[in-house]
Amino acid sequence: MVQYIAKKWIYARKFNGEPKLDDFRLEEEVMPEIRDGVEFLAKAEFLSVDPYMRIYILSYPVESVMIGGQIAQVLESKHPDFPVGAYVFGQFGWRTYAICNPAGIETRKPYVLPEFGPGLPRSLGIGALGTVGNSAYFGFLEICRPKEGETVVVSGAAGAVGNIVGQIAKIKGCHVVGIAGSDEKCQWLKEIGFDAAINYKAADVEKELKQAAPDGVDCYFDNVGGQIAAIVRKQMNQRGRISVCGTISMYNGNPVQVEDPQRDYVWKQLIQEGFSVHRWTDRWFEGINQNLKWIQEGKIKYRETITEGFENMPHAFIDMMKGGNVGKAIVKV
C-alpha cells in the first residue's frame, strides 16, 4: 500500500485588511485509506487563486484548510465515476492530495474534465473552461442580455473573468470598453478585441469613459464595486443592466463613500443583479462547451499567470489580490 503525505495550507489567522504571508501556515497530513464504493484519492496538478476566497473564507473557522478549486489526477478510486488516471475538477482546497466522496457534496460537485482538444492546456479547466469561463458566459449573457450595437463596460477587465466577458461581448456585436489597472493590461485588452481600455490608476476614468462610450453605457459587468462602479453607473442609459460578479475593491475592508446610487436606479430605471455562478450548475457543460468552441474558432483568446510551486500559494494569492495577474491566476504544483 502506497502512503500519501499531503501538504496543505491552513487559514491560520483572520485577515486584517490585505492578506499577509503569516496569515497562512503550511502543514502535512498522512492520507487515510479510501472507502469502498464512495471515495477517490487525487493529486493536485493546478490550483486556482481567486478573489472570492478572501470573502468566503471568513465564514470558516480559523485553522481550516484554505478553500479553492483545483485540477487533480485520480490516483486511487473506489468510485465508478472517477476512474484511476482521470483528471478532475474539484473544490478540494489548498492541498496536494485530497480524498473525496462526491455523494457528500451538495453544491460544487467534482467532475471529470472533458477533452479540450489538441494544444489546449488542462489548466483551462480552472480558467476559461471552468468556473471562470462560466461566470463570464452565464453572468454576462443571462443578466446583461446584450444586444448587437450596445455599449458594454467591464471593470477588472484584464482579470480572469473580465477579459472573457469582453470577448463574448464582441462576439455578440457590442462596443466594449475595459477598465484595468495598468497600461500593459490596457494594451492587451485592445489586442484581444476591446474597442477601448482605461487605466483607472492613471486616467480620469469619468472623462475617458465619456470619450470611449459617447452614447452612454447599456451593460456594465462589475468585478470591482466602489468608486469605479459609481462612475460607470452615472453614464448608464435608460434601462441599463448591471451584472455584479464581485466587488474586489472592497474586500480588504476599505469602505468608499459614493454618491447616493438610488437616484440613478430610479431616474434611469437601471436593473442590477448579483450572482453566484453555481446558479447554473444544471447547465454547466453548456457554458464550457460554448467557450471551448469559441476558443477553437479563435474568437476567445486566453491568458494565464502561472506561479510554480505549491509552497508559493500564499504569494500567488496575495499578488492576485493586488492585481498582479493578467488573465487567470494559477499555481502549478
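What is the volume of the second largest cavity? In this predicted model, the second largest cavity comes out at about 40 Å³. The legends below take that spot and a few others in turn.

View 1. The largest share belongs to α9, with 3 residues. By type, the lining splits into 5 nonpolar, 3 polar and 1 charged.

**View 2. The largest cavity.** The structure has 3 cavities of 30 Å³ or more, and the largest holds about 70 Å³ of space. Its lining includes Leu124, Gly127 and Ala128, along with Ala160, Asn163 and Ile164. Also lining the largest cavity are Tyr302, Arg303, Glu304, Gly327 and Lys328. Here the tally is 5 nonpolar, 3 polar and 3 charged residues.

**View 3. The largest nonpolar core.** This core has 51 residues, and Phe140, Ile168 and Leu189 touch the most other members. Elements that give two or more residues to it are α2 (131-141), β8 (151-155), α3 (162-171), β9 (175-180), α4 (183-191), β11 (217-222) and α8 (284-296). Top contributor is α2, with 6 residues.

**View 4. Zooming in on Phe140.** Setting aside neighbours within four places in sequence, Phe140 is in contact with Ser135, Arg145, Pro146, Val152, Val165, Ile168, Ala169 and Phe221.

**View 5. A second, separate core.** This one has 22 residues, with Ala44, Ile57, Ile318 and Met321 among them.

Note on methods
Residues are numbered from 1 along each chain as its sequence is written. This is a predicted model: local features need pLDDT of at least 70, side-chain atom pairs count only at pLDDT 80 or more; totals for chains, interfaces and linings use all residues. Side-chain values use heavy atoms; hydrogens and water are left out. A nonpolar core is a set of buried Ala, Val, Leu, Ile, Met, Phe, Trp, Tyr and Cys residues joined through side-chain atoms within 4.5 Å. Buried means under 20% relative accessible area, exposed over 50%, partly exposed in between (1.4 Å probe, protein chains only). Helices (H or I, at least four residues) and strands (E, at least two) are DSSP runs, numbered from the N terminus. Contact means heavy atoms within 4.5 Å. On a 1 Å grid over the protein atoms alone, a cavity is a set of points where a 1.4 Å probe fits but cannot get out, and a pocket is an open set with protein on both sides within 12 Å along at least five of seven lines; lining residues have an atom within 4 Å of a point. Grid points are joined across faces, edges and corners, and a volume is the space filled by probe spheres set on the points. Ala, Val, Leu, Ile, Met, Phe, Trp, Tyr, Cys and Pro count as nonpolar, Asp, Glu, Lys and Arg as charged, and the others, Gly among them, as polar.
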